[in-house]
Each structure stands twice: as C-alpha cells, then as structure tokens.
Amino acid sequence: MTRMAGQAHYTSAPPSAGAPHGGFRFTAVSPTARPVLDVLRPLTGYARPPRTDRHHHFPVAFAYDRPDDDAAVLTRTVFTGHDYSGRWGNHFCHAWYATPDELAGLRPVELWDSPDWAPAPACDDGGLPDLTQLVPGSAVGPDRAARLLAGHGVPGVRLLERLLTAALRALGGEGPAATLVSADPDRVVDWIAAASYTLPAGLAARLTFTTYTARPEDDHHHLTGTRPETGDRVTGPVFDLGRLTVTGCPEPGPAARFLAGALGSGRLDALDAVAELWDAGPADDVEAGVRRLRAGCALLAGDSDAGAFGGEGSSLVGFVRGVAELRPQEAGLAPERLRDAVARHLADGTAPLGDVRAATAPLPEPYRRAVLAGLLGALETSAELRTAALDAQACASLATLVEEAPDLLAAGPATALYALRRAPGEPRPAALRILRLFRQGLWEETETYEALRELVAADKRQPDRAPWLLRRRGPAREKE
C-alpha cells in the first residue's frame, strides 16, 4: 500500500458549522493529517518582525521539524494581514505531515518552492486530498550551493565550515542551535542548502530548520533564520549572512573543514564517499551518526587533521580503511553495497592496489572478498582502467589472488590474464598459472597462446629459460 503525506491549512477564520468559535484554527485537513492535528498545531505560529506595519515586507517562514523519529513536518507560513474580523495580524500556515520514508531521496530544503504549497487557504471546512508524493521545486539544488560558494570564495567556505561545526554540534547534542541573520529569507535558504548538500542525505533529513522567526531565542530548530533586528537576542552561534561574520561558534572541526572544502572545490566524489561511510551504520541513532561522519571524514582526508580534501594516499584506500574502522558487520552493511561502492571509487581514478589489499586486513569475511570483487569488477569493465591502474606492483598483487581466491578471478578473466602477463618475476610460475586456469575454462585457447608467447618474448634475453615453455607445444600439453 502506498503511503501518502497529510496536509492541513491553518488560519484565522470565522465560525462555521464545524467550528462554532472564530479565530485561528485548522480550516481544511486531509485524511492522513486529521489524527495528528495536535502534533501540527504548535508548529503553525507566526510572529511579525518587530516595529513593522502593513507597508513592510513580511518574510515567508519555511520550516522543517522532526517531532519524533517516525514523523517529519514541513510548514510554509505567510503573513496575510487582516482576518475576517478586520483584526491586523492574520497568517496562513500550510502544513505537511509525512514519514521519513516519504522524504527518501530528498533533502527537506528542496521543498522550499514546491508547486504543492497553497497560495491561500482552501474553503472553510473543506477537505484536502493527501499528497501522493512530496514534489520539490526548482529553486534549490546542488548547483545553488555550488554557486553560493563560488560567489563568496574563501570567506564563503570559511563560513560554511563554521556553520557545519555548529550544525553537527547541535545534531550530536553537544551545543546550541545556530542562528542565521539576514533581512532576506532567500539568503537563509542558500546557507541551509549549502549545509544540507554537504551532509549525507540521511543526516540532512535530521537537520531541522526554519527560514524565519521573530523569536530566535525561543526557537527549537538546529538552524534558525531571523532578521537583523532580532539577531542579537540569542547567546549561541550567530551567522551574519550579509557580512559573512560569525560570533559564538567554536573553531571548525576536522569534519566541517573536510566537507566544506569538498563542496567548495567541487569534489562531489568526496561527499559521496562520506555518504557511503555514513550509510554503513544505522540511521536511527543521530549522535552515533555524527560520530560516524566525523570518523569517516578524518579517514577519507588521509590524515588525523583532515584539514583539506585529498591528503596523502588514495581515497579508495581511505574508504576501505574507513569501512574497517566502522565495523560493517555490526553496522549491518551489506557486502554487495561495499562491493559496488569500491567499484565506483576505482572507476573514478587509480589506486595503489597493494595498499587497498592491505587495508582489507582488518575486515572480516565476506567484506574482504567484497572489496576485492569490487576492484575486479571495475577493472573487468574497462580496458583503459586496467592500463591506468595496473602497474607491475599491482599486477603482482592481483596475481597472488590466483592462489588465494581463484573464484574471484574467474569472474574477471580479462583482468586476471592482464595481471598474470605483466606481473614481475620468472615466466614459469605465471605460465603455469595461465595454463592451469585455461584448463578450468577461464580463457580461450587463442588468447592463452598469445599470453604464453608474450611471456616467452619478455624472457628471451635469458634463452636458457625459454625452451622449457616452447617444448610444451601448447596448453593441452601442460601436465603439472
């Protein structure tokens, strides 16, 4: 059965048949939202900016809340002026109630300009349909975050480092929420989006926010947007988005520097690697998830400081070490997911395969085999990648797999033959391995002959060794 998100409209409305008293109330509700109105009601308020009148612009308040682990609430609240009685101070809140599963594949900030937000309340006491899906708008995406950092340069990256530090502390229960100060809610959306796109999607789904409140000192979100005239009311970290200044925030942590640097330099592969490490563990323990994120960033950065992306060594090696550190068997990581992740990492560039194999040592089976299967899978699909990634040392490393895991090589015959033909050392052991695997049906006779002739050619400078192979007169004579 397909689940649907509930929705409800809240505003000041006159009495009606279903509501004998006028005033603020839900005026239209869908079936899924009706049982949770008590959850939605505290999230429907709106306070005007201080010292404003009807000639001022009133910001839109777009908010995301997680009332509990099984519920996600999004609200969009606008000031509407006079209510039915002529009283100045009405507002309209459109609320959505969903499960976290219904947000899968989305970051909540992407719904900022969804086409499904109602511009005005529905008819009083009217019913609303449930939402079959949550449809994002077009204004928020990864490109928006990238343009933001590109426009601000280094100061923008530094601000994002501090913002992520504050956000991770708030998510992990280690510090207060962050307040984002701007007269324009769109600027608040910019920075919420930047923070959201640097975090794994599952952790971004835990990051609550509002783009505007007139009472930031009482707000409960992890990221709180407010205007300049109310920004000095809080004691926690305050981010002036116009001046790109920060007060009250600790020095950026290694994870925040790594993530901000990756987004700022366009290294989305680094963010994908972090997300894969984060996904290796359960998503229901947020504080443990923050610790897992920090560990993964440090490992992928290549050193304990993790000050910038691309420390010494291969990102694939760091990824494998990170998986080992996170104990995938306890985290419930499927070996197949690890295999596919390794294949994607190798497809993005070369790696010292000997170091990768060494990094698998702490991994239990079947995860060690999953790493090797991912390596071979990527190499098997690309002759260009084999040429780029398999130097003599790497070929020697793969050649030993013939003895250790011949069934893995059977799934990658082109890679196996490439490695055996080019591994350093005397030709006789390599030739015998090639012949042995030929008899198992791994290769055709023609390519086996070609491989044997290449071994002879490589060793012809030592003629006393070559005749032993030529006298065999083909693979069918191999008896050892």
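Trainee: In which loop does Leu-244 lie?

Mentor: Bear in mind that this is a predicted model. Leu-244 sits in the loop that joins strand E10 (238-240) to strand E11 (245-247).

Trainee: What is the phi of Leu-244?

Mentor: Phi of Leu-244 is near 60 degrees, a positive value in a residue other than glycine.

Trainee: Which strands does E1 pair with, and in what sense?

Mentor: E1 pairs with strand E5 (residues 88-98) in the antiparallel sense over five bridges. Six bridges join E1 to strand E2 (residues 23-29), and these two strands also run antiparallel. To follow the pairing in the model, find Gly-6, which stands opposite Tyr-97 in E5. Then find Ser-12, whose bridge partner in E2 is Phe-24.

Trainee: Is strand E1 (residues 6-13) enclosed or open to the outside?

Mentor: Look at each residue in turn, then at the two faces. Eight of the eight residues of E1 are buried, so the strand is largely enclosed by the rest of the structure. On one side are Gly-6, Ala-8, Tyr-10 and Ser-12, and on the other Gln-7, His-9, Thr-11 and Ala-13; both faces are covered.

Trainee: At what angle do H2 and helix H5 (residues 254-264) pack?

Mentor: The angle is about 160 degrees, and the axes are 8 Å apart. That makes H2 roughly antiparallel to H5, because angles over 145 degrees count as such. The crossing of the two helices is right-handed.

Trainee: Which residues make the contact between H2 and H5?

Mentor: On the H2 side they include Ala-145, Leu-149, Val-157 and Leu-160, and on the H5 side they include Ala-255, Leu-259 and Leu-263. By class, the residues of this contact divide into eleven nonpolar, three polar and two charged.

Trainee: How do helix H14 (residues 392-399) and helix H17 (residues 413-422) pack?

Mentor: H14 and H17 pack at an angle of about 115 degrees, with their axes 8 Å apart. Their crossing is left-handed. In H14, Ala-392, Cys-395, Leu-398 and Ala-399 meet Thr-415, Tyr-418, Ala-419, Leu-420 and Arg-422 of H17. That contact has seven nonpolar, one polar and one charged residues.

Trainee: Which peptide bond here is cis, with omega near 10 degrees?

Mentor: The bond from Glu-365 to Pro-366 is cis, with that omega. Pro-366 has its place in the loop between helix H11 (353-359) and helix H12 (367-380).

Conventions. Residues numbered from 1 in each chain as written. Predicted model: local features only at pLDDT ≥ 70, side-chain atom pairs only at ≥ 80, totals over all residues. Heavy atoms only, no water. Helix = DSSP H or I, 4+ residues; strand = E, 2+ residues; numbered from the N terminus. Axes fitted to C-alpha atoms, helices over the stretch in contact; angles between N-to-C directions. Parallel < 35°, antiparallel > 145°, perpendicular 65-115°, else oblique. Left-handed = near helix turned anticlockwise from the far one by under 90°. Contact = heavy atoms within 4.5 Å. Nonpolar A, V, L, I, M, F, W, Y, C, P; charged D, E, K, R; others polar. Buried < 20%, exposed > 50% of the residue type's maximum accessible area, 1.4 Å probe, protein only. Pairing = 2+ DSSP bridges.
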